[in-house]
Amino acid sequence: MKTIEVPVSGMSCAACALSIESTLKQSPGIKSATVNYATQAATLVLDEDSADLSQARKNVQDIGYELLIELQEKEHAEELQKMAHKQLRKNTIAAGILAFPVFIIGMFWMSLPYGNWIMWALTTPVLFVFGKSFFINAYKQSKAKKANMDTLVALSTGIAYIYSTFNTFFPQWLENRGLEPHVYFETAAVIVFFILLGRLLESGAKAGTSEALKKLIGLQPKELILIKDGKEILSPVSDAGMGEIVLVKPGQKIPLDGLVTGGESFVDESMLTGEPIPVAKHDGEAVFAGTINQKGSLQFKITKTAADTLLASIISRVKQAQGSKAPIQKMVDKVTAVFVPTVLVVALITFLVWTFSGIDDAALRGMLSAITVLVIACPCALGLATPTAIMVGIGKAASMGILIKDAESLETGKKTDVLILDKTGTITRGTPKVNKVIWGNGGEENKHQPIFQALESKSEHPLAAAIAQHFQSPKTQLPLTNFQSATGKGVQAVHEGKIYRIGTLKWLTSAGIAKDKSLIQNGEQMLEMGDIVVYMAVDNNLVGIVAIADQIKEESQKAIAAIQKMGITVHMLTGDQEKTAAAVASAVGIKKFKSGMLPEDKGKYIQELKSQGHVVAMAGDGINDSEALVLADLGIAMGTGTDIAMETAKATLMHSSLMDIPKLLHLSKDTVNTIRQNLFWAFVYNIIGIPLAAGLLYPFSGFLLNAMIAGAAMALSSVSVVSNSLRLKFKHQTQ
């Protein structure tokens, strides 16, 4: 068995993905197929002995789509998607411009001279130029004995157009039989415009998904410097083999996973761990692709090729997570699969029953009733139910500083019972600052602080800047001599004959520094609180300690309390050490937390919670959170975080305030309730309207719904859906 991902072009709606999926499953050698409309790709599990991708491609082509199985086609898949989105936008705008006057004439200026001819001239390009994809796809679906929303749109608009065109050119045919030659051009034109608009909105909402993957892939350097026979050779990353030696200069990204064999430096691993403090690297230390080397040079031995790096595994898992379907989508797929053929059968039965009823003009009345069924059943209200509520909900959220990507996550987000928070940059500010400074006896602060400030200003250590900034002195920087740096340990220099050192206690002790019992005890207490502690010495005496910590945001405790009050359990996951995690969790009132978590650990933790039946939301800000944000039912990114976190998440808090999470959850609940109300009324409209259109009441009351009223009813159902969605805006007007 082999699993592959193949780009798909030509999909314009979620129903297209369902159609392609069922076709692929019937192709030889394909054991399972999942088509993801969001990523425009199909994930196939193949039997390598019997799979025939060429035949699968032909099967998909027969129903109007394209599998991009060739390498050069895959490389242009993104370009094809952009072109398709651009064309869809042009078609939607053009259809809207032409449909508007048709709607005005058809609904309000029906007595306009030559009105029918004007509407015919404007509606023709709407259907057969800007909406031609509906007819092409419907034809291809029919050849494959399938039907989708395109089929219903094409039939209803096509029949309405043909009937209206006949009445425009030959009005006397119906007039001679005592019937009014109505036209329904506005119905056909408006339907096409609204369906195109819905698809454009859907297409725009999913665009960020591929952008996130693109940026993740962009973290992988394309070239590296190999050391061979003492020479530096620039080479593509793909050509590098296991065991080869790579040179990484200051400021460069590390191209592959490996073990350090020479040099010393600090490496920014925040994209993996989320922690802001770069990590010291010496011989034998592991380095990872995509992380950034700081000021020193490193040589390392390759231990994993490009396809197997930790970053590559994150990319793979994000793709896999995005390829999974939400339960609501499966339900929509089932409804779509049943709704369309049901309407077609009802229209056909309506025509046949009328035709053989034996009344006057039976066939004509049957045709009119069948058209009325197709017109009144056209999924205009269904098509608007979700996008209008999303537009209003998303617009309202945006005004509150919350950017919501789509409705799919909100469907499950409203049921959230567990919220997972990343620590760094989410609960805390994400930048280390001096928390506290304790000096020994004898006024060391006044005597030594300016000197230590000058010393840390020369250091390359990531924490040195925080200390130097805290010790800022208005005086001119003091002269230092014999400056020395021990990577990952500390720095020292001479001033006025005295040796000043600042660094780890172990390093100072190894240099023969006498321990001050009081300072050591204070330092241990700070370490218990999760702070990073740096020690200061002059000659052989310990003179002070500096505690450094990532500051907790002011609103974090209040926000977490508000979330817990909603009945949601809050967990904290962090790549930081346990003592720091415990201190932060205690300070903000979180009882459940995990420390030392890698990106894959966060993902597994979320999957475990979901397997227990929990609905999980996740808030984070780093690349290391991207997998977890995708796997969560509702991913929430902080606005000050990375682009990748924001694009893999379903919502972004632009103010980076946890206080916005309760607002988001309340708004998502109201938005989803509005969508459900819209869908309910849209379906009720069809349940009542279709039997009336078919003539169910005619034998009892002589009432027969004509297509003109059906068109008006369809428009009214759309207006009711839009009005209900706007109510959401006013409901949150004061919030």
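## Report on a predicted 735-residue chain

Of the 735 residues in the chain, 51% are buried, where buried stands for under 20% relative accessible area, exposed for over 50% and partly exposed for anything in between (1.4 Å probe, protein chains only). The model is predicted, so local features need pLDDT of at least 70 and side-chain atom pairs count only at pLDDT 80 or more, while totals for chains, interfaces and linings use all residues. Residue numbers start from 1 along each chain as its sequence is written, and side-chain values use heavy atoms, with hydrogens and water left out.

**Overall make-up**

The chain has 29 helices and 26 strands; these are DSSP runs, numbered from the N terminus, with helices being H or I of at least four residues and strands E of at least two. Contacts are defined by heavy atoms within 4.5 Å. Among contacts in the chain with a separation of 6 or more, 68% are between residues 24 or more positions apart. The chain exposes about 33,300 Å², and carbon and sulfur atoms supply 58% of that area. Accessible areas come from the Shrake-Rupley method with a 1.4 Å probe, and for residues only the protein chains shown count as cover.

**Nonpolar cores**

In soluble globular proteins, nonpolar side chains tend to be buried together. A nonpolar core here is a set of buried Ala, Val, Leu, Ile, Met, Phe, Trp, Tyr and Cys residues joined through side-chain atoms within 4.5 Å. The largest nonpolar core has 30 residues, and those that touch the most other members are Leu421, Ile427, Ile590, Leu658 and Ile661. Apart from this core lies another, of 23 residues, including Leu88, Leu98, Val126 and Val183. Leaving aside neighbours within four places in sequence, the contacts of Leu421 include Ile427, Ile590, Leu658 and Ile661. The contacts of Leu421 also include Thr426, Ile560, Val570, His571, Met572, Leu573 and Ala619.

Helix α5 has 16 residues and reaches 22 Å from its first C-alpha to its last, close to the 22 Å expected at 1.5 Å a residue; the expected span is 1.5 Å times one less than the number of residues. Gly115, Met119, Thr123, Val126, Leu127 and Phe130 are buried in α5. Val126 is also one of the residues in the 23-residue core.

A nonpolar surface patch of about 1,100 Å² is made by Phe108, Trp109, Leu112, Tyr114, Trp117, Ile118, Phe166, Phe169, Phe170 and Trp173. The elements that give two or more residues to this patch are α5 (115-130) and α7 (149-169). Patches are made of residues with over 30% relative accessible area and no salt bridge, with like charges joined within 9 Å and nonpolar side chains (Val, Leu, Ile, Met, Phe, Trp, Tyr) within 5 Å. Tyr114 lies in the loop between α4 (77-108) and α5, and counts as exposed because its relative accessibility is 66%.

**Salt bridges**

A salt bridge is a side-chain nitrogen of Lys or Arg within 4 Å of a carboxyl oxygen of Asp or Glu. By this rule the count comes to eleven salt bridges.

| Asp62 | Lys58 | 3.6 Å |

Asp62 and Lys58 both lie in helix α2 (residues 53-62), four residues apart, about one turn of the helix. Asp62 is partly exposed at 36% relative accessibility, and Lys58 is partly exposed at 43%. Glu554 lies in the loop between β21 (541-552) and α22 (556-565) and Arg429 in strand β16 (residues 428-439), so this pair ties together parts that are 125 residues apart in sequence. Glu554 is exposed, at 63%, whereas Arg429 is partly exposed, at 42%. Glu600 and Lys604 are four residues apart in helix α24 (residues 599-611), which means a separation of about one helical turn. Glu600 counts as partly exposed because its relative accessibility is 24%.

**Two C-alpha pairs**

Met529 is in the loop between α21 (517-528) and β20 (532-538) and is exposed, at 54% relative accessibility. The C-alpha atoms of Met529 and Thr580 are separated by 6.5 Å, although the two residues are 51 residues apart along the chain. Not counting residues up to four places away in sequence, Met529 touches Lys579 and Ala583.

Ile376, in helix α14 (residues 362-377), is buried, with a relative accessible area of 3%.
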